[in-house]
Amino acid sequence: LLPFTGWVLALRPDFVGMVLLYWGLHQPRKIGFLPAWLLGLTMDVAHGSLLGQHALAYSAMMFAAISLHRRVAMFGLRAQMLHVLVILLGMQLIVLAVRLAAGGVFPGWWYFLPSLTGTWLWAVAHAVLTIPLRPRRDPDEV
């Protein structure tokens, strides 16, 4: 919901989707379909878009994240980024398919740039969001 305009808007990843994807991959039992669906409805209302398209996309993304969470955990950061790219592209394809089915026009290939920037930001998001999960250092140890 940040007020970006111009070319920055074309590069802005879906931050809500990225956070949902992170928690779906790392803590699938704590966050599931209901928060994804509710946040999707909230994004539809905030963007003024067709009601339910983000909810459907976030729910499908959460299904993919929960299904692949053990597999993605085995890989290093680069392979995780490839998985994230495929999931984010799938989410954008669902939103685009709903928009086209409702009579919209194809926005152009630049529409998929947020998936690429989201993939590049995955390393940063992974580092920041795992801070609370890291074991704390014992102050009594030298």
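His54 is found in helix H4, where helices and strands are DSSP runs numbered from the N terminus, helices being H or I of at least four residues and strands E of at least two. The model is a predicted one, in which local features need pLDDT of at least 70 and side-chain atom pairs count only at pLDDT 80 or more, while totals for chains, interfaces and linings use all residues. Residues are numbered from 1 along each chain as its sequence is written, and side-chain values use heavy atoms, with hydrogens and water left out.

Back to His54. At 11% relative accessibility, His54 is buried; buried means under 20% relative accessible area, exposed over 50%, and partly exposed in between, with a 1.4 Å probe and protein chains only. The side chain of His54 makes a polar contact of 2.7 Å with the side chain of Asp44. A polar contact here is a pair of N or O atoms within 3.5 Å; within protein, one must be able to donate a hydrogen and the other to accept it, and residues adjacent in sequence count only if both atoms are side-chain atoms. Setting aside neighbours within four places in sequence, His54 is in contact with Gly40, Met43, Asp44, Ser49 and Val95, contact meaning heavy atoms within 4.5 Å.

Next, Ser59. The helix that holds Ser59 is H4, residues 53–74. Is Ser59 buried or exposed? Ser59 is buried, at a relative accessible area of 17%. Its side chain reaches the backbone oxygen of Ala55 at 2.8 Å. Not counting residues up to four places away in sequence, Ser59 touches Phe33, Ala36 and Trp37.

That brings up the pairing of H3 and H4. Two packed helices are described by the angle between their axes and the distance between the axes. The axes of H3, residues 33–47, and H4 come within 7 Å and cross at roughly 150°. Axes are lines fitted to C-alpha atoms, for helices over the stretch in contact, and angles run from 0 to 180 degrees between N-to-C directions. H3 and H4 are therefore roughly antiparallel to each other; angles under 35 degrees count as roughly parallel, over 145 as roughly antiparallel, 65 to 115 as roughly perpendicular and the rest as oblique. The crossing of H3 and H4 is right-handed: a crossing has that hand if the near helix is turned clockwise from the far one by less than a right angle, and is left-handed if anticlockwise. On the H3 side the contact is made by Phe33, Ala36, Trp37, Leu39, Gly40, Leu41, Met43 and Asp44, and on the H4 side by Gln53, His54, Ala55, Tyr58, Ser59, Met62, Phe63 and Ile66. By class, the contact of H3 with H4 has eleven nonpolar, four polar and one charged residues. Ala, Val, Leu, Ile, Met, Phe, Trp, Tyr, Cys and Pro count as nonpolar, Asp, Glu, Lys and Arg as charged, and the others, Gly among them, as polar.

Further along H4 is Val72. Val72 is buried, with a relative accessible area of 4%. Beyond four places in sequence, Val72 touches Leu25, Gln80 and His83. Between the C-alpha atoms of Val72 and His83, which are eleven residues apart along the chain, the separation is 7.3 Å.

Now H5 and H6. The axes of H5, residues 77–101, and H6, residues 113–120, come within 9 Å and cross at roughly 150°, so H5 and H6 are roughly antiparallel to each other. Their crossing is right-handed. From H5, Met81, Val84, Leu85, Leu88, Leu89 and Gln92 meet Pro114, Ser115, Leu116, Gly118, Thr119 and Trp120 in H6. That contact has eight nonpolar, four polar and no charged residues.

What about H2 and H7? The axes of H2, residues 15–26, and H7, residues 122–129, come within 11 Å and cross at roughly 60°. That makes H2 oblique to H7. The crossing of H2 and H7 is right-handed. Met18, Leu21, Tyr22, Trp23, Leu25 and His26 in H2 meet Trp122, Ala125, His126 and Leu129 in H7. The residues of this contact divide into eight nonpolar, two polar and no charged.

Gln27 lies in the loop between H2 and H3. Gln27 is partly exposed, at 22% relative accessible area, and touches Tyr22 and Leu133, residues up to four places away not counted.

Last, the whole chain. The protein chain has seven helices and zero strands. Buried residues make up 35% of its 142 residues.
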